[in-house]
Amino acid sequence: KTYMTPLAVGFRNMVAFKDANGVEALYASAGSLSLAARATLLFRSVDGMTWEPLVTPALMGRETRALGVHHGKLYAGIGSAMNTAMGMPAVPGSVWCSATPEVPGSWTRVLDFSALNPDNTGVVSMASTGERVYVGTENKYGYEIWRGTIADPAGNADWKQVVKNGAGDQYNGWAGTMKVFR
């Protein structure tokens with residue numbers, strides 16, 4: 001039998017972004033529940049009706065719940081919550097960025113939790129304020145919030161932890177929604 005599987009079963013987040021070429025588009029992040037051999041992580045639409053899948057590095061995995069725009073770059077928070085639940089290989093929690101997300105090979109990893117704190121298995125929220133990017137994580141010992149000040153044109157930042165252990169409750173495992181306040 002032949003089965004048809006969708007490129008994505010659901011979408012976690014959407015954000016409008018004008019790329020380095022001046023093209024404004026809507027970007028949507030996909031969930032990881034597709035059984036397709038190489039599920040699409042991000043989709044783009046320039047008209048809000050027609051969507052195209054984007055080519056992203058395999059290291060970005062199959063799941064993103066967080067998208068953000070900061071200083072002319074599109075940022076994607078990556079994780080592996082559903083990967084491990086479905087028996088697929090874990091993808092370290094990380095943040096990637098690109099000024100031209102539609103161009104294959106344009107994505108750069110700017111935060112890698114496998115080096116900072118491997119218990120952060122996913123970046124599930126993101127916010128941009130002035131010079132800083134904030135990311136909220138999924139962590140079995142309680143969510144964490146990390147803040148980065150953009151340090152170079154590639155999008156790298158000096159990342160610092162500002163909240164740990166679920167803000168005092170280790171059962172607060174996800175920083176699922178983040179909004180700018182003041």
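This is a predicted model: local features need pLDDT of at least 70, side-chain atom pairs count only at pLDDT 80 or more; totals for chains, interfaces and linings use all residues.
Let me begin with D112, which is partly exposed, with a relative accessible area of 23%. In it, D112 forms a salt bridge with R109, and the closest N and O atoms of the two residues are 3.9 Å apart. R109 is itself partly exposed, at a relative accessible area of 32%.

As a general point, side chains of opposite charge can pair when their charged atoms come close. How many salt bridges does the model have? The count comes to 5.

Another of them brings together the side chains of D158 and K160, at 3.6 Å from N to O. Both partners are partly exposed: D158 has a relative accessible area of 37%, and K160 has one of 44%.

R44 lies in strand β3, which covers residues 42-45. Is R44 buried or exposed? With a relative accessibility of 11%, R44 counts as buried, because the cut-off for that class is under 20%. Its side chain meets that of D19 in a salt bridge, with 3.9 Å between N and O. This pair links distant parts of the chain, since D19 sits in the loop between β1 (11-18) and β2 (24-30) while R44 is in β3, 25 residues apart. D19 is buried, as R44 is.

R44 has a further polar partner. A polar contact of 2.8 Å joins its side chain to that of E52. With neighbours within four places in sequence left aside, the residues in contact with R44 include V23, A25, L26, Y27, T50, W51 and L54, and also D19, E52 and E102.

Next, the sheet. Four strands form an open sheet in the order β1-β2-β3-β4, with antiparallel pairing. Which strands stand at the edges? They are β1 and β4 (52-53); each has a single partner strand, so one side of each is left without a neighbour in the sheet. Between β1 and β2, the antiparallel pairing runs over 7 bridges.

In general, most residues other than glycine have a negative phi. H71 is not a glycine, yet its phi is positive, at about 50 degrees. H71 lies in the loop between β5 (64-70) and β6 (73-78), and it is partly exposed, with a relative accessible area of 47%. R182 likewise has a positive phi, near 60 degrees, and is a residue other than glycine. R182 is placed in the segment after α3 (165-168). At 88% relative accessibility, R182 counts as exposed, because the cut-off for that class is over 50%.

Finally, some totals for the chain. The protein chain contains 3 helices and 12 strands. Of its 182 residues, 46% are buried. Among contacts between residues at least 6 apart in sequence, 47% join residues at least 24 apart. The accessible surface of the chain comes to about 9200 Å², and 55% of that belongs to carbon and sulfur atoms.

Technical notes:
Residues are numbered from 1 along each chain as its sequence is written. Side-chain values use heavy atoms; hydrogens and water are left out. Helices (H or I, at least four residues) and strands (E, at least two) are DSSP runs, numbered from the N terminus. Buried means under 20% relative accessible area, exposed over 50%, partly exposed in between (1.4 Å probe, protein chains only). A polar contact is a pair of N or O atoms within 3.5 Å; within protein, one must be able to donate a hydrogen and the other to accept it, and residues adjacent in sequence count only if both atoms are side-chain atoms. Contact means heavy atoms within 4.5 Å. A salt bridge is a side-chain nitrogen of Lys or Arg within 4 Å of a carboxyl oxygen of Asp or Glu. Two strands pair if DSSP finds at least two bridges between them. Accessible areas come from the Shrake-Rupley method with a 1.4 Å probe; for residues, only the protein chains shown count as cover.
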